[in-house]
Amino acid sequence: MAGRNFLFVPGPTNVPDRVLRAMVVPMEDHRSPNFPELTLACLNGLKPIFKTQTGTPFIFPSSGTGCWEAALTNVLNPGDKVLIARFGQFSHLWTDMCQRLGFEVEIQEIPWGEGAPVDKTLAALEADKQHKIKAVLVCHNETATGVTSDVAAIRRAMDSAKHPAFLFVDSVSSLACIDFRMDEWGVDVCISGSQKGLMLPPGLGLTCVSQKALQAAKSSTFKRCYFEYADMVAANANGYFPYTPPIPMMYGLREALKMLAEEGLENVFARHKFLAGGTRAAVHQGWNLSLCATAPKWQSDTVSAVVVPGGADAVQVIARAYKRYNLSLGAGLSKVAGKVFRIGHMGDINELMLLGAIAGAEMAMNDVGIEVEAGSGVAAAQKYWRQAAKADTKPLRPADAKVAS
Ligand code: PLP
């Protein structure tokens, strides 16, 4: 098919040419005296992304799922109790992992379309007088439903209940897109991956661990090997890894971190908010459809899950978009399969790219019998952006920035 694929799934995201080029490297000795320079540039560069000064970032050759497992098996002990709210496929999969690893799991069942429940979390922690709950698990951005949770409010609930549980946060689809504050929010383990806001291919599990959690890991009796934090700590201290690291991915990570620093993290967040606002305008004002996120406070700045009208099948929209327009939209997962299609708006994107996805979604919907006015989403997004730019929320390209990416 002629033309580029429009990749608008909520991860993997588009990899900037600069990052792709940075990854084209000859192989080298990962035990050479020069190698630590690359390792340390990556690890040190990740600290501002996690907004931490005291936490320890790790790079596991895995994906986000590996870092979930690393957090659970390093910091906790077999059979420990954990508290998790389930409101989408990824919070479900994390719950499932906890159960399969033998934890006692207190599950808060929340309607898909809402996020982590602050009041219920507070109530559960206050009721836990004996402090049996050892960790509270929060999915910052539920990619399946396009819902962002208020992690700071969960931390306040934990503090208000004077509960000593660890706070583990999944920021797989929020890191480097939506504000995340490891130190300020007292997060003990943040779990993320390379293939979303970090603008890299899949393959790196990126995680950051508090001093308190690292201390606990020293006495955990869980059996583990590949994901042993202590081995990483020891090897990383000198800029090495306990096993062969994915070298090209690390060159890519170093370049992606440079790009984020050049744009400025706060500008990156503002860009995501701006683009998400345009997408939501297309959905609501343009198409007269709704989002899976049930209230504005839950709406994610990285992914919008669009609910198709009753009787329509979102699977058909996605298939048509892909086969006819070379546009990849995200599928509805599990409970919302067939009910939603998802537009990922995270990572290396701008307005014009997003307008292509909005136009493609419009055309695909019309082709399969969902009547939306041609151009209505595209126009609504533009109108939103014109208003928002007047309010000066859109960061402009710095005068001296290179045009070519
Ligand atoms: N958590 C969230 C919120 C996700 O979106 C994903 C994947 O999309 C995962 C966890 C699992 O991460 P991975 O596929 O990198 O293992």
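1. The crossing of helix 10 and helix 12 is right-handed. Helices here are DSSP runs of H or I with at least four residues, strands are runs of E with at least two, and both are numbered from the N terminus. This is a predicted model: local features need pLDDT of at least 70, side-chain atom pairs count only at pLDDT 80 or more, and totals for chains, interfaces and linings use all residues. Residues are numbered from 1 along each chain as its sequence is written, and side-chain values use heavy atoms, with hydrogens and water left out.

2. Helix 12 covers residues 351-367, and helix 10 packs against helix 12 at about 25°, with the axes 11 Å apart. Axes are lines fitted to C-alpha atoms, for helices over the stretch in contact, and angles run from 0 to 180 degrees between N-to-C directions. Under 35 degrees counts as roughly parallel, over 145 as roughly antiparallel, 65 to 115 as roughly perpendicular and the rest as oblique.

3. Which residues meet? From helix 10 come Phe-274, Leu-275, Thr-279 and Ala-282; from helix 12 come Glu-351, Leu-354 and Ile-358. Contact means heavy atoms within 4.5 Å. By class, this contact of helix 10 with helix 12 has five nonpolar, one polar and one charged residues. Ala, Val, Leu, Ile, Met, Phe, Trp, Tyr, Cys and Pro count as nonpolar; Asp, Glu, Lys and Arg as charged; the others, Gly among them, as polar.

4. Helix 10 (residues 265-286) also packs with helix 13 (residues 376-390), at an angle of about 135° and with axes 7 Å apart. Helix 10 and helix 13 are therefore oblique to each other. Their crossing is right-handed. Contact residues include Gly-277, Gly-278 and Ala-281 of helix 10, and Ala-380, Tyr-384 and Trp-385 of helix 13. By class, the contact of helix 10 with helix 13 has 10 nonpolar, six polar and one charged residues.

5. Of its 18 lining residues, Thr-148, Ile-178, Asp-179, Lys-273 and Asp-301 are the closest to its centre. Helix 6 (151-160) and helix 10 are the elements that give two or more residues to this lining. Helix 10 gives the most, with four residues. The lining of this second largest pocket has seven nonpolar, four polar and seven charged residues. On a 1 Å grid over the protein atoms alone, a pocket is an open set with protein on both sides within 12 Å along at least five of seven lines; a cavity is a set of points where a 1.4 Å probe fits but cannot get out; lining residues have an atom within 4 Å of a point.

6. How many cavities of 30 Å³ or more does the structure hold? One. About 50 Å³ of space lies in the largest cavity. Grid points are joined across faces, edges and corners, and a volume is the space filled by probe spheres set on the points. Among the lining residues are Leu-83, Gln-108, Thr-121 and Val-136. Strand 3 (81-86) and strand 5 (133-139) are the elements that give two or more residues. The lining of the largest cavity has nine nonpolar, two polar and no charged residues.

7. Two backbone details. The peptide bond from Gly-11 to Pro-12 is cis, with omega near 0°. Pro-12 lies in the loop between strand 1 (6-8) and helix 1 (17-23). Lys-162 is not a glycine, yet has a positive phi of about 50°. Lys-162 sits in the loop between helix 6 and strand 8 (166-170).

Conventions. A crossing is left-handed if the near helix is turned anticlockwise from the far one by less than a right angle, and right-handed if clockwise.
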